[in-house]
Amino acid sequence: MKNYVIKRILAAIPLLLCISFVCFVFINLIPSDPAEVALRVRQVPVITEAAIAEVRAELGLDKPYLVRYVNWLIDCLQLDFGVSYTNPSRTVAGELVRCLPATLMLAGTSLVMVILLSLPIGFFCAVYKDSWFDRLTRGIIFMTTAMPAYWVGLLLMWFVSIQLDLLPTSGNGTWKHLILPAFTVSLTYISTYIRLIRNNMLENMKEDYVLYANVRGLPQKTILTKHILKNSMHTCIVAIGMSIPQLISGTIVVENVFAWPGLGTLCITSIFNRDYPVIQAYVLLIGVLFVVFNLLFDILQTLADPRLRNEVV
Amino acid sequence: MLKKFLKNKVAMLTTILIVFVAFVGIFAPILAPNDPYKTDILNKFSTFSLSYPLGTDHLGRCVFSRMLYGIRPTLGLAALTMLGTIGLGALMGLLAGYFRGWIDEIIMRVVDVMLSFPSQIMVFAVVALLGINVQNVILANVFVKWAWYARMIRTGVLKYRDRNFVLFSRCIGNRESFILGRHLLPSIASEMAVLASLDIGWAIINISTLSFLGLGVQAPIPEWGAMLNEAKNVLTTNPVQMLAPGIAIVVVVSAFHLLGDALRDILDPKEANL
């Protein structure tokens, strides 16, 4: 088991290197010369060839590609992502740290909503398969998969905030601001997980151990909660865990609809301002989160499920 | 298989709907009652009438005509995206699955890296890098999606490449390109059709999302996502503005989803009763 964990962690390192390399290439593909941009950032009045060459040497831009990559990587490992183009007084890392809490709060609330809503609904859909509740839920799920998140956001904003005047339309501050955006983010995931839990439970119901439990005369309630639900939970927990980075990146659209001051808004603003270092750092951050969470929940799954453990050892 | 397709009501109805919408889009200049670009500021936010079936927007433009013209970028861009995605994915997947060896290794490692990025972030990154432009939206979508197809097609090819009919074809001296194009591609085409019809819905939502954020189709051009972006600004005063484009997106996307599900049922009855 220990060997397996070590093997998985080692296998993730080349992947992380590849991701960082893609991000590094990304900033080198931009149309403008980094040395020239650096001069502009310092508000040098006249940009001459000599000045550019000087800055090139200073920033290490005259060195070979791979050397620059290694230097950049070392900087990144020390959480130094450079300086924002549009606002030179701010570091990229500072910008990310400023916006991260809001996004984490949004993603965290969405995650709680996903778990709280999809588990019971999926459970009841499986238990009462083909009842009116199951049919209705499946209909709603089908609708939500076809709805763009921003439109759902707009509809909710109009209905809940303007018609009913219950919650504020946009902004950040109290818990009231959090509800609508979080629900909008979680909606797609809720429908995915209701379906996942439902189908998992229905598959488990056909297994022999359920038949055996029935033969033993256990009450239906015990069979459903203690046996079937527990067995169906494994895959769902792993799937939810792996989708956490997706949830964080998925806030990008909803944040813009609700003017939520998080990473998503920062990213879109940076795209409009051509603030490449910020975008680069954001992509790198999400990519790394993706790999780390995948790894983490893969290992957790193997730890939790004895069947998988025997396979890998 | 065609018989089964014709028998399946859902598949037939959704296909008819999609073809109908596509035709309406193609013949928009004939069908549209008004010029979608003509502004009439005195007549803004007018309600439903004979000359303006869905009313007018904040500049007095006919919403119905804009909806009809909006089919063009929405469906057209999504179709182009899928064409590029499947083309690139099929090429890479066939190469990897058929020739194996180092080609396979390289392609699959690239695919692994591509799949380790969340697709939405990559779309934004590519658009940011190349600039805000419609072509770049397609490029970005193809760029993030081809890896899924490459992987799926490779698996399909691996399943078929050692079957007797392929071995026979090679024995009688057919060229590799012939085997790939005539034997392997048709064998996996049905699986691809299911995935593609599900993903075209994804592409429509994605493109309209980019347009909504102002990163895709730009303002005066009628596109459903861009129309919703304009509707957002008048949300408090004229909420009706956001209904038509939103409903249109939902209808078209769910038609593609239903078609995908129906196709899967036709091709693989195993999963039908789950």
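**Stop 1: confidence**

The model scores ipTM 0.79 and pTM 0.81. Within chain B, select helix H1 (residues 2-7), where confidence is lowest at a mean of 72, and then helix H4 (residues 63-99), where it is highest at 85. Where pLDDT is low, the predicted coordinates should not be read in detail.

**Stop 2: chain A as a whole**

Select chain A, which has 14 helices and zero strands; helices (H or I, at least four residues) and strands (E, at least two) are DSSP runs, numbered from the N terminus. Of the 313 residues of chain A, 32% count as buried, a residue being buried if 20 or more other C-beta atoms lie within 10 Å of its own, exposed if 12 or fewer, and partly exposed in between, with C-beta atoms placed from the backbone. Among the contacts in chain A with a separation of 6 or more, 72% join residues 24 or more positions apart, where two residues are in contact if their C-beta atoms, placed from the backbone, lie within 7 Å.

**Stop 3: two loops of chain A**

Select Asp130(A), in the loop between helix H5 (92-127) and helix H6 (132-146) of chain A. Its phi is near 70°, a positive value in a residue other than glycine. Most residues other than glycine have a negative phi. Asp130(A) counts as exposed because it has 9 C-beta neighbours inside 10 Å.

Move on to Ala259(A), in the loop between helix H11 (244-257) and helix H12 (263-273) of chain A, where phi is again positive for a residue other than glycine, near 50°. Ala259(A) is partly exposed, with 13 other C-beta atoms within 10 Å. Trp260(A) is also placed in the loop between H11 and H12 of chain A, but Trp260(A) counts as buried, since 26 C-beta neighbours fall inside 10 Å.

**Stop 4: chain B and Ala96(B)**

Chain B comes to 11 helices and zero strands, and buried residues make up 43% of its 274 residues. Of the contacts in chain B with a separation of 6 or more, 66% are between residues 24 or more positions apart.

Select Ala96(B), which lies in helix H4 of chain B and counts as buried because it has 25 C-beta neighbours inside 10 Å. Leaving aside neighbours within four places in sequence, Ala96(B) is in contact with Ile103(B), Asp104(B), Ile107(B), Met108(B), Ala150(B) and Arg154(B). Leu158(B) is 62 residues from Ala96(B) in sequence and 9.2 Å away in space, C-alpha to C-alpha.

**Stop 5: H9(B) against H11(B)**

Residues that make the contact include Ser190(B), Ala193(B) and Ile204(B) of H9(B), and Ile249(B), Phe256(B) and Arg264(B) of H11(B). By class, the contact has 13 nonpolar residues, six polar and one charged; Ala, Val, Leu, Ile, Met, Phe, Trp, Tyr, Cys and Pro count as nonpolar, Asp, Glu, Lys and Arg as charged, and the others, Gly among them, as polar.

**Stop 6: where the chains meet**

Finally, show both chains: the contact takes 32 residues from chain B and 37 residues from chain A. On the side of chain B that touches chain A, the elements that give two or more residues include helix H5 (101-115), helix H6 (119-130) and helix H10 (224-233) of chain B. H6(B) gives the most, with seven residues. That side of chain B has 21 nonpolar, nine polar and two charged residues.

Key: Residues are numbered from 1 along each chain as its sequence is written. Chains are lettered from A and ligands numbered from 1 in the order in which they are written. This is a predicted model: local features need pLDDT of at least 70, side-chain atom pairs count only at pLDDT 80 or more; totals for chains, interfaces and linings use all residues. pLDDT is the predictor's confidence in each residue, from 0 to 100.
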